[in-house]
Amino acid sequence: MKPGPRALAVAGFAALLIGGSACGGRETPDDQGFHQDVVNGSNGAEVTFDATVLSDPVESSSHERFQVRAATGERLEVDHNTNLATYVPIHTGDGLIIHGQSYIDPGPRLGVHCTHAQTSSGCPNPGWIEFGNNYYE
């Protein structure tokens, strides 16, 4: 028996409620949520957002560091730990999705770290960077 329109609507609504995760259980970008965390000064927030690379990565102290501009306009540094995650082969102008933990340093300087799957006391949630349909975690 085929499900009726009401059953399909309920199933669709349930899928929206479960939302926040893409197929395979990954978080989907929440650019406005990221922006609101920045506005609220939410240091340490778990974030997922779209970004454009502003500078080619520089390897420094086992981290790949590069600048990005979030879809909502914020400029921030990404500190991607290459001891715990695979190097991301990006260049200026590339588009990414980043999932990690935000930080605000004095200045204020915005950044995101904990972009690796291995968790630690400073990074309690697994993170990742999506580039070119590949995940670097």
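The side chains of Glu77 and Arg109 meet in a salt bridge with an N to O distance of 3.6 Å, a salt bridge being a side-chain nitrogen of Lys or Arg within 4 Å of a carboxyl oxygen of Asp or Glu. The pair links distant parts of the chain, since Glu77 belongs to strand S4 and Arg109 to strand S6 (residues 109-113), 32 residues apart. Helices (H or I, at least four residues) and strands (E, at least two) are DSSP runs numbered from the N terminus. Glu77 is buried, with a relative accessible area of 13%, while Arg109 is partly exposed at 40%. Here buried means under 20% relative accessible area, exposed over 50%, and partly exposed in between, for a 1.4 Å probe and protein chains only.

The model is a predicted one, in which local features need pLDDT of at least 70 and side-chain atom pairs count only at pLDDT 80 or more, whereas totals for chains, interfaces and linings use all residues. Residues are numbered from 1 along each chain as its sequence is written, and side-chain values use heavy atoms, with hydrogens and water left out.

Arg109 also forms a salt bridge with Asp105, at 2.8 Å from N to O. Asp105 is partly exposed, with a relative accessible area of 28%.

Arg65 is partly exposed at 26% relative accessibility, and Asp79 is buried at 8%.

Strand S3 also holds Gln67, a partly exposed residue with a relative accessible area of 21%.

Read along the sequence, the pattern is α-α-β-β-β-β-β-β-β-β. Of the 137 residues in the chain, 34% are buried.

The next topic is the aromatic side chains. A pair of aromatic rings is described by the distance of the centres and the angle of the planes. Rings of Phe, Tyr and Trp (its six-membered ring) pair if their centres lie within 6.5 Å; planes under 30 degrees apart count as stacked, over 60 as edge-to-face and the rest as tilted. A search of the whole structure finds two such pairs. The rings of Phe34 and Phe49 have centres 4.2 Å apart and planes at 20°, so this pair is stacked. Phe34 is in helix H2 (residues 31-39) and Phe49 in strand S1 (residues 46-53), and the pair links distant parts of the chain, 15 residues apart. Phe34 is buried, with a relative accessible area of 3%, and Phe49 is buried with 0%.

Trp128 and Tyr135 form an edge-to-face pair, 5.2 Å centre to centre and with 85° between the planes. Trp128 is buried, with a relative accessible area of 3%, whereas Tyr135 is partly exposed at 33%. The charged end of Arg26 sits over the ring of Tyr135, 3.6 Å from its centre. A charge sits over a ring if NZ of Lys or CZ of Arg is within 6 Å of the ring centre and within 35 degrees of the ring normal.

Phe34 returns in the lining of a cavity. On a 1 Å grid over the protein atoms alone, a cavity is a set of points where a 1.4 Å probe fits but cannot get out, and lining residues have an atom within 4 Å of a point. The search finds one cavity of 30 Å³ or more. The largest cavity has a volume of about 70 Å³, where volume is the space filled by probe spheres set on the points, and grid points are joined across faces, edges and corners.

Which residues line the largest cavity? They are Phe34, Asp37, Val38, Ser42, Leu76, Ser102, Tyr103, Ile104, Leu110 and Gly111. H2, strand S5 (95-105) and S6 each supply at least two residues of this lining. The lining divides into six nonpolar, three polar and one charged residue. Ala, Val, Leu, Ile, Met, Phe, Trp, Tyr, Cys and Pro count as nonpolar, Asp, Glu, Lys and Arg as charged, and the others, Gly among them, as polar.

Methods. 1 Å grid on protein atoms, 1.4 Å probe; cavity = no way out; pocket = protein on both sides within 12 Å on 5 of 7 lines; lining within 4 Å.
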